[in-house]
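Hi everyone, thanks for coming. Please have the sequence and the 3D view open while I talk.

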Amino acid sequence: MYREGSGSVAHGTRNGTPYRSLILDFAGVLTVDVHPAHRAWCASEGLDPQAWVDTLETNPEGRRLYVALESGEIDQREWNRRTAALLGVDDENLMGRAWTGVAPAAEMVQLARDARAAGLLVALLSNSFGLDPYNPYEALGVWDLFDVHVISEVEGIAKPDPAIYERTLDRLGLPGEACVFVDDHERNLPPAAALGITTVHADGQDGTAARVAALLGLCTAPAA
């Protein structure tokens, strides 16, 4: 078991193959639950508290625009302009404003640090929502946690497309059996599992970081 400062590689295994990489999603994994912050932002704009979720997930045009943003078909500035029109708000840095109040998930951030210190490769596999003018990875201070970054906007494909998981393994230079992947959306897990990757659903309950640490054979430090 890894202990801070030992220099040892974690010894968790799957069917005799040592785990050598931890792959993490961003929103809902490396962040706290985003919904309270989005509801608070809606209230500050005079909108119904569910307006953000309803526009991005239920409104057909809003959903189409968000999917286009994830895959890089449109950039964040265009998304801000067109989605602001649906919401009836100012488009200036819309994404950044709506994400005000979203904080990093301290235990998962610590897990990423501990995994990397133990010698595992740590990868970010994220369906992005634009990088400019608001870069969520830099804003929440998590970009430098990773050896490998696979961002849907940059790749032109998004989860759950199997190709983005294959691309992640290629960048890591590892077989699926050597990797653990954590995501908060269950629909994103089966394509990873099909490649032999061990999957963990971040279900919003306490203890996800501890479950992953135990799987990897890590003894994590207390979260800052």
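I'll go through some helix packing and then one tyrosine.

This is a predicted model, in which local features need pLDDT of at least 70, side-chain atom pairs count only at pLDDT 80 or more, and totals for chains, interfaces and linings use all residues. Residues are numbered from 1 along each chain as its sequence is written, and side-chain values use heavy atoms, leaving out hydrogens and water.

Let's start with helix α2, residues 51–58, and helix α3, residues 60–70. Helices here are DSSP runs (H or I, at least four residues), numbered from the N terminus. The axes of α2 and α3 come within 5 Å and cross at roughly 75°; axes are lines fitted to C-alpha atoms over the stretch in contact, with angles from 0 to 180 degrees between N-to-C directions. That makes α2 and α3 roughly perpendicular, the word for 65 to 115 degrees. Thr55, Leu56, Glu57 and Thr58 of α2 make the contact with Pro60, Gly62, Arg63 and Tyr66 of α3, where contact means heavy atoms within 4.5 Å.

Now α2 again, with helix α4, residues 76–87: the angle is about 115° and the axes are 11 Å apart. On the α2 side we find Ala51, Trp52, Thr55 and Leu56, meeting Trp79, Thr83, Leu86 and Leu87 of α4.

And our tyrosine? Tyrosine 137 sits in helix α7, residues 136–139. Is tyrosine 137 buried or exposed? With 0% relative accessibility, tyrosine 137 counts as buried (under 20% relative accessible area, 1.4 Å probe, protein chains only). Leaving aside residues up to four places away in sequence, tyrosine 137 touches several others, including Phe26, Leu124 and Trp143.

Notes. Helix = DSSP H or I, 4+ residues; strand = E, 2+ residues; numbered from the N terminus. Buried < 20%, exposed > 50% of the residue type's maximum accessible area, 1.4 Å probe, protein only. Parallel < 35°, antiparallel > 145°, perpendicular 65-115°, else oblique.
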